[in-house]
Amino acid sequence: MDINEIMNRAKAAQARALDSLHEMEEKSPAAFSSRPESVIPPQRPADDEAAQQAANTRRQVEILGQIFDADAMAQMAANQEQLQQAINARVAEAAAMSTNAVMEQMFGEDMGVLAAALEALAMGDEGDGFCAEDEEESDEALFTLLDETMARLEALPEPMPAEYGKSPELWGRFGILLSGIVSTLNDHRLDGMDVEEHIPVLEQQVVSVVRRSWGIDGRGELLETLRYLTQGGYTARYRFYCEALSPEELMTGDEDEDDREGVIRAWNFAQRYKGRYSPAFMAGWDVGRAAMLARWGSYLGWITPEEAQGILWELAQRAAEDLGSWREFAQSYLFGGLMWKLLCNSPAEGYLGYLADAATCLLMGKGDGSGGQWRDFPWPARKKIGFAP
């Protein structure tokens, strides 16, 4: 409440109290007689009540006077001026800061998820808020960029695959690291099932991201999406687009112009790469997103940690069967990410850069000693069966 409003209310209350006092004095002059109490004639009950009310009113006036005397008013005004100066300084400081810096000051380093959420969590399917047309990009230039980026990832060092045997700890750790790209982009934890500390503001942020990017609002929708990713997903879609003789075969007739353009771009993508990459190569894109959803679901309490562990174990087996290294997993993720962007008819160059940077951090680490989680945990050797939890 504004200090001026407080002062005005106080003055109004004081005035009302004084008016009431004067009114009571006029109605009951005997109550305020200067004669000794012994000679004051007996009063009727109504007079007693009036006198008591007048005394209470006078006490209120005294209290108001003590609270809102001249010195108190001056001090409150000084405090208000200091507060306003502090606010003005903070506003000027915030105006000179970047958006990310402001968010960091407001929420601390744990809110890195906010800075990346606008772009990095655009990993849902058609219909999320990021399938939007922006500047024009040449598909041929995007294909060249994809090839060059995948070649750079292939050149990164990586430890040799290791035997996991039947260790639930190793397979469980591997399953969590399959969410590494999205987790790195959003500064999520990769040391356990929980993606963040259980703080209300972080929990609400994750809920908002899952709702906005995926359209998921609870357990049923989460499980349905996980079923789609594990039983079909973009692996099946890429197969359909490879097999179609024309993009028209893939359309229902209900598409608008933007949707038709997206289908055509995705079909051209599939036709270009179908001789080099089989549908199984798309596994990293489906598995990586499903692993992130499983962890988000567990963090939000939509599925139990045990259910999430079972889902991650299944995803780990599929990844180990279809892919042979973290580098190949990252390449698969970029491959699927570009097809998704093309199908959405959305800009993709910057997005591919984000994914490549995250994969590089996981394989190489950062200069500050963070990252490197894939480098420190070898991919499972092929043809090894894990141990179901």
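1. Helices here are DSSP runs of H or I with at least four residues, numbered from the N terminus, and a helix axis is a line fitted to C-alpha atoms over the stretch in contact. The model under discussion is a predicted one.

2. Overall make-up. The protein has 16 helices and zero strands. Of its 389 residues, 42% are buried. Among contacts with a sequence separation of 6 or more, 78% join residues 24 or more positions apart.

3. Helices α11 and α12. Two packed helices are described by the angle between their axes and the distance between the axes. For helix α11 (residues 233-243) and helix α12 (residues 257-273), the axes come within 8 Å and cross at roughly 80°. Angles of 65 to 115 degrees count as roughly perpendicular, and α11 and α12 are therefore roughly perpendicular to each other.

4. Residues in that contact. By class, the residues of the contact of α11 with α12 comprise nine nonpolar, one polar and no charged.

5. Cysteines. A disulfide is a covalent bond between the sulfur atoms of two cysteines. With a cut-off of 2.5 Å between cysteine sulfur atoms, the count of disulfides is zero.

6. Aromatic pairs. A pair of aromatic rings is described by the distance of the centres and the angle of the planes. Searching the whole structure gives 27 aromatic pairs. One of them joins phenylalanine 174 and tryptophan 379, with 4.9 Å centre to centre and 90° between the planes, an edge-to-face arrangement. Phenylalanine 174 belongs to helix α7 (residues 168-177) and tryptophan 379 to the segment after α16 (349-364), so this pair ties together parts 205 residues apart in sequence. Phenylalanine 174 and tryptophan 379 are both buried.

7. A pair within one helix. For phenylalanine 329 and tyrosine 333, the ring centres are 6.4 Å apart and the planes stand at 50°, so the pair is tilted. Phenylalanine 329 and tyrosine 333 lie four residues apart in helix α15 (residues 326-343), which means that about one helical turn separates them. Both phenylalanine 329 and tyrosine 333 are buried.

Technical notes
Residues are numbered from 1 along each chain as its sequence is written. This is a predicted model: local features need pLDDT of at least 70, side-chain atom pairs count only at pLDDT 80 or more; totals for chains, interfaces and linings use all residues. Side-chain values use heavy atoms; hydrogens and water are left out. Axes are lines fitted to C-alpha atoms, for helices over the stretch in contact, and angles run from 0 to 180 degrees between N-to-C directions. Helices (H or I, at least four residues) and strands (E, at least two) are DSSP runs, numbered from the N terminus. Angles under 35 degrees count as roughly parallel, over 145 as roughly antiparallel, 65 to 115 as roughly perpendicular and the rest as oblique. Ala, Val, Leu, Ile, Met, Phe, Trp, Tyr, Cys and Pro count as nonpolar, Asp, Glu, Lys and Arg as charged, and the others, Gly among them, as polar. Rings of Phe, Tyr and Trp (its six-membered ring) pair if their centres lie within 6.5 Å; planes under 30 degrees apart count as stacked, over 60 as edge-to-face and the rest as tilted. Buried means under 20% relative accessible area, exposed over 50%, partly exposed in between (1.4 Å probe, protein chains only). Contact means heavy atoms within 4.5 Å.
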